[in-house]
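Reader: I would like a close look at a single part of this model. Please keep it brisk.

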Amino acid sequence: MSAAIEARDVVKRYGALEAVAGVSLEVPAGEVFALLGPNGAGKTTFVEILEGFRRRTAGEARVLGTDPEAGDLAWRARVGVVFQSAGYFDALTPRELLRHFAGFYPNPLDRDTAIAMVGLEEKRDTRIGKLSGGQKRRADLALGLIGDPELLFLDEPTTGLDPEGRRQAWAVIREFAARGRTVLLTTHYLDEAEHLADRVGIIVRGRIVELGPPHLIGGRERELARVTVDPPPGLPPPPGAWEAHPDGRLELLTAEPTAVVIALARWAEELAIGEVPGLEVRRPTLEEVYLRLVRQHGGNGEVPA
Amino acid sequence: MSAATPAREQFRPNAPSRLARLGASRVAIELASFFRSFDQVFFTFLLPVLFVVVFSTVFSGDIPGPPGKGTVPFAQYFVPGMIASGVMSAGFAGLAIGIAIEQHDGLLRRLSATPLPRTAYFIGKVGLAVTTAVLMVAIILAIGTAFYGVSPPSDPGRWAAFVAVLVLGVGSCSLLGIAYTRLIRSSTAAPAVVQPPYLVLQFISGVFIQYSSVPGWLQAVASVFPLKWMAQGFRYVFLPEWVAAVDYGGSWEIERVLAVLAAWFVGAGLLARLAFRWDRSRG
């Protein structure tokens, strides 16, 4: 098996509206892939087509070698799904629900292991209706994992979690992926994509506009680095075409930040001021690249999720 | 590759032993969910209790028989009808409303993402309906015998017929309830969509009004649906033959009652399979 997910020119139309406007994507087995995009960009629609919950208008899709529209129960047993939103079985406890769901699968995880993985031990015997939003989200994750699937779909898995909960969820997802399993996640959080994903796809208005490893996306590694220093007043300026900010900081855009830093070090040595004051070297963050791409592709046209 | 582990290759989702195991697991989950919701339990059983009390109080007389046959208390006549109505309430109305809410709130979406066969889900729902129906019947009978002079049969053959009508009735009604969810377009509309057929059938099937008072053409309509046959079957258990002659224009025809209910059971099962959708929360 080479690719866990193969999609070619997938289109979903609602009347005149193209929610998914021709998406092609190949996710090899064992990869963690993140779909990023503004609200209404078509992320959830596309993922639900791959999950077999929506029919595509056109195009081809294979998930674990099967057309998701024809996926039977044996196929379902190999695919885990964490929905963006779904109803809760309020009267049951996480332990009861996980034992119940574990029974659906041929090779489930141990339910207490799953509960421990998502950090829900203290609430395992509390009715789900009485859990907080974040605790419910942890239960969602455990339900997605309980069947020990080959492929896990995660639709905004950490929305509603506190920072600690997010870190814990990330650790669970990484641990799952480390066993050679495939993950397709959608997220709003760029740090989440950067943290988890081998590759990122940015989807805007139903199209993937950029695809690649998070550190390369949008030509990030080729963009100019921004070097800033904050020299004390009265000193001769460092060599180079520095642009002065009103607050006294100096800034330089360069393709060769290493050379600039060496020159700065010599300058500081000559003046005997020790550390270069306020030195910072920055590449554009994924967030900056993302926002630029979304703007470029006119990403505010809302379509239903 | 993990896909090639032997257990996965041998995984047969619809094997009978698996359906039985998952069906039992679904029943346990349905019962736990139902009985932990106090409101649901309270109001499910309140209605039949109110009906029995109100009817027994309002219609307290006797039904006169032909010369030499004596009379039967009115409660003895309509308590079997109430039992039939309770079975339909537990099976049809209870399940249709409950499932519609689960469909539209996306609760069933979770189940549809797993390898749970729908047959196992149906078993769970029917199991829930059987349990609530049995409790409802027990409550109605207890009130009827304790306070309104209803005398249960002493003949074991009648009790066997009682169990047969109950099982086939609750089975058909619950499968019809599952199928009927297809017509419910939102969870808030569920009671409004479910009540009309249930109410109308109660009026024309001999539950609220004596069957002989229902116009012939409406009797013909009622004869299509299970409620009329359940009421007739339960009356066979509780009433002497002459009531059938007076009220149903013949005999109780218990064999026919069972045959019609059995046919409904099979037909409703097919309808449920065709009509049921896991998830109605999206377009």
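Author: The contact draws 25 residues from chain A and 25 residues from chain B. On the side of chain A that touches chain B, two elements give two or more residues: helix H2 (73-76) and helix H3 (94-102) of chain A. By class, that side of chain A holds 15 nonpolar, 6 polar and 4 charged residues.

Stay with H3(A). Its packing partner here is helix H5 (residues 133-145) of chain A. The angle between H3(A) and H5(A) is about 20 degrees, and their axes lie 10 Å apart. Angles under 35 degrees count as roughly parallel, so H3(A) and H5(A) are roughly parallel to each other. The crossing of H3(A) and H5(A) is right-handed. From H3(A) come Pro94(A), Leu98(A) and Phe101(A); they meet Ala139(A), Ala142(A) and Leu143(A) of H5(A). The class count for this contact is 6 nonpolar, no polar and no charged.

Now the chain around these helices. Chain A has 9 helices and 13 strands. Its C-alpha atoms fill a box of roughly 75 × 50 × 35 Å along the principal axes. Chain A has 305 residues, and 42% of them count as buried. Take the contacts in chain A between residues at least 6 apart in sequence: 69% of them join residues at least 24 apart.

Next, confidence. The average pLDDT of chain A is 90, and 97% of the residues score at least 70. Residues 301-305 of chain A are below 50. Beyond near neighbours in sequence, that stretch has 14 contacts in the model. Where pLDDT is low, the predicted coordinates should not be read in detail.

Across in chain B, there is another helix pair to look at. Helix H7 (residues 156-180) of chain B packs with helix H12 (residues 254-275) of chain B at an angle of about 25 degrees. The axes of H7(B) and H12(B) are 8 Å apart. H7(B) and H12(B) are therefore roughly parallel to each other. Their crossing is left-handed. H7(B) contributes residues including Ala161(B), Leu168(B), Gly169(B), Gly171(B) and Leu175(B). Among those of H12(B) are Ile254(B), Leu261(B), Trp264(B), Phe265(B) and Gly269(B). The residues of this contact between H7(B) and H12(B) divide into 19 nonpolar, 4 polar and no charged.

Definitions and conventions:
Residues are numbered from 1 along each chain as its sequence is written. Chains are lettered from A and ligands numbered from 1 in the order in which they are written. This is a predicted model: local features need pLDDT of at least 70, side-chain atom pairs count only at pLDDT 80 or more; totals for chains, interfaces and linings use all residues. Two residues are in contact if their C-beta atoms, placed from the backbone, lie within 7 Å. Helices (H or I, at least four residues) and strands (E, at least two) are DSSP runs, numbered from the N terminus. Ala, Val, Leu, Ile, Met, Phe, Trp, Tyr, Cys and Pro count as nonpolar, Asp, Glu, Lys and Arg as charged, and the others, Gly among them, as polar. pLDDT is the predictor's confidence in each residue, from 0 to 100. Axes are lines fitted to C-alpha atoms, for helices over the stretch in contact, and angles run from 0 to 180 degrees between N-to-C directions. Angles under 35 degrees count as roughly parallel, over 145 as roughly antiparallel, 65 to 115 as roughly perpendicular and the rest as oblique. A crossing is left-handed if the near helix is turned anticlockwise from the far one by less than a right angle, and right-handed if clockwise. A residue is buried if 20 or more other C-beta atoms lie within 10 Å of its own, exposed if 12 or fewer, and partly exposed in between; C-beta atoms are placed from the backbone.
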